[in-house]
Amino acid sequence: TAPLMALPLRRRSRARKHAVALAAAVVLLASVAACAAWAFRVRWTGAARLRPPGAAPMGASRGGVARYVGERLRAVGAGASANAPLCAVLADTELSGAVVQWGAGTHLTTPGACCTACRENAGCNVWVHENGGGECWLKHRDSPWTDVDLLRGRSSRWSSGVLAAASDEPPLAAGGGTVGAPAAHDVVIATRLGEIRVRLRRRHAPLAAAFVDAVVAESAEEGKAAGLRFYRAEPVPPTWGSSDLPDTWDGGRWGPPYALLQGTLKPQGSTVKAAKADAGEGARPVVRRGMLAWAGGGGGPDFFCALADHPEWGNGHTVWGEVLDMTVIDEIMRQPLVVKNWGSINATELVQPMEFTLRAGPHAQRS
């Protein structure tokens with residue numbers, strides 16, 4: 001066809017009109033597609049009323065989260081000896097640490113054999129096995145649970161593991177469910193749906209633990225418990241951690257929604273000063289399901305309970321406690337929810353905040 005300016009004036013005018021109409025049609029189709037995409041996402045990012053799942057938090061026991069956690073922490077089968085019953089292999093993961101035994105000259109056929117070698121070396125608590133090549137590197141890390149690659153493997157060449165028996169205070173509730181003896185808790189969070197037992201991480205987060213102890217003591221006084229509540233409840237999306245999605249929190253594998261239950265430990269009229277953020281070794285491990293941490297990376301009093309593993313946060317939050325049994329937490333997540341705009345994000349809230357009281361557990365530190 002001839003260029004537009006080479007056409008007679010009348011034909012040129014009609015051509016312009018046709019071009020404008022075609023462009024308008026393209027814009028209209030793009031707008032319709034964008035609106036459809038927005039409507040699809042409004043369940044989690046608009047101001048719409050939500051109905052949470054009736055059986056379990058989204059993805060907590062099935063779908064993407066189950067596959068994600070299962071792939072990250074699958075037991076070593078063939079090759080794990082009777083001397084290494086606690087070995088677990090993290091596929092596609094190269095964990096860091098000080099080298100105890102170089103792997104260039106040590107070749108073992110299976111990850112389980114590498115784990116056994118680590119268990120037989122007194123200085124080893126982290127092992128790294130080469131996929132296919134068989135190199136077995138033995139390492140030591142003072143706080144292995146602070147390594148973000150524990151939950152976010154990024155190396156196709158290596159598989160790794162941490163010796164559970166030798167690791168420094170591994171998280172209790174990482175896999176959910178009931179963990180630990182009934183007496184091994186410091187604090188009880190009592191709700192109308194049941195009690196939540198919490199173990200404080202006193203050694204790694206002493207400032208936070210002291211603050212929680214003070215709030216527990218103050219809230220025991222008559223009329224001092226009002227204001228303690230859970231108010232934000234972000235379900236676990238079924239695609240949580242999926243490698244099929246972008247590595248982002250804005251519509252990617254890390255939400256929205258954001259897999260947490262948030263509340264406040266500030267009673268009305270409280271005189272307890274907010275805690276400073278703990279900064280010692282082990283204070284900020286990679287957040288895993290069941291951990292309690294200060295919200296926003298600060299020192300409280302707002303906190304959250306992680307409903308799934310959160311490698312996307314790295315070491316950004318002070319973890320001060322661990323829930324020993326997630327049953328009541330999961331029940332709270334079944335309550336009616338609503339999405340509201342918080343300015344920079346759209347947050348999912350409980351329609352009716354869940355109030356709670358605090359009391360010291362049998363394992364609490366006595367003054």
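How many helices and strands are there in the protein chain? The chain holds 5 helices and 17 strands, taken as DSSP runs numbered from the N terminus (helices: H or I, at least four residues; strands: E, at least two).

This is a predicted model, where local features need pLDDT of at least 70, side-chain atom pairs count only at pLDDT 80 or more, and totals for chains, interfaces and linings use all residues. Residues are numbered from 1 along each chain as its sequence is written, and side-chain values use heavy atoms, with hydrogens and water left out.

Of the 367 residues, 49% are buried (under 20% relative accessible area; exposed is over 50%, partly exposed in between; 1.4 Å probe, protein chains only).

**Salt bridges**

The whole structure has 12 salt bridges (a side-chain nitrogen of Lys or Arg within 4 Å of a carboxyl oxygen of Asp or Glu). Among them are these:

| Pair | N to O distance |
|---|---|
| Arg-202 and Asp-186 | 3.6 Å |
| Arg-199 and Glu-322 | 2.6 Å |
| Lys-340 and Glu-349 | 3.7 Å |

Arg-202 sits in the loop between β9 (194-200) and α4 (206-219). Its partner Asp-186 is in the loop between β7 (158-162) and β8 (187-191), 16 residues apart from Arg-202. Asp-186 is buried, at 3% relative accessibility.

Arg-199 lies in strand β9 and Glu-322 in strand β14 (residues 319-323), so this pair ties together parts 123 residues apart in sequence. Both Arg-199 and Glu-322 are buried.
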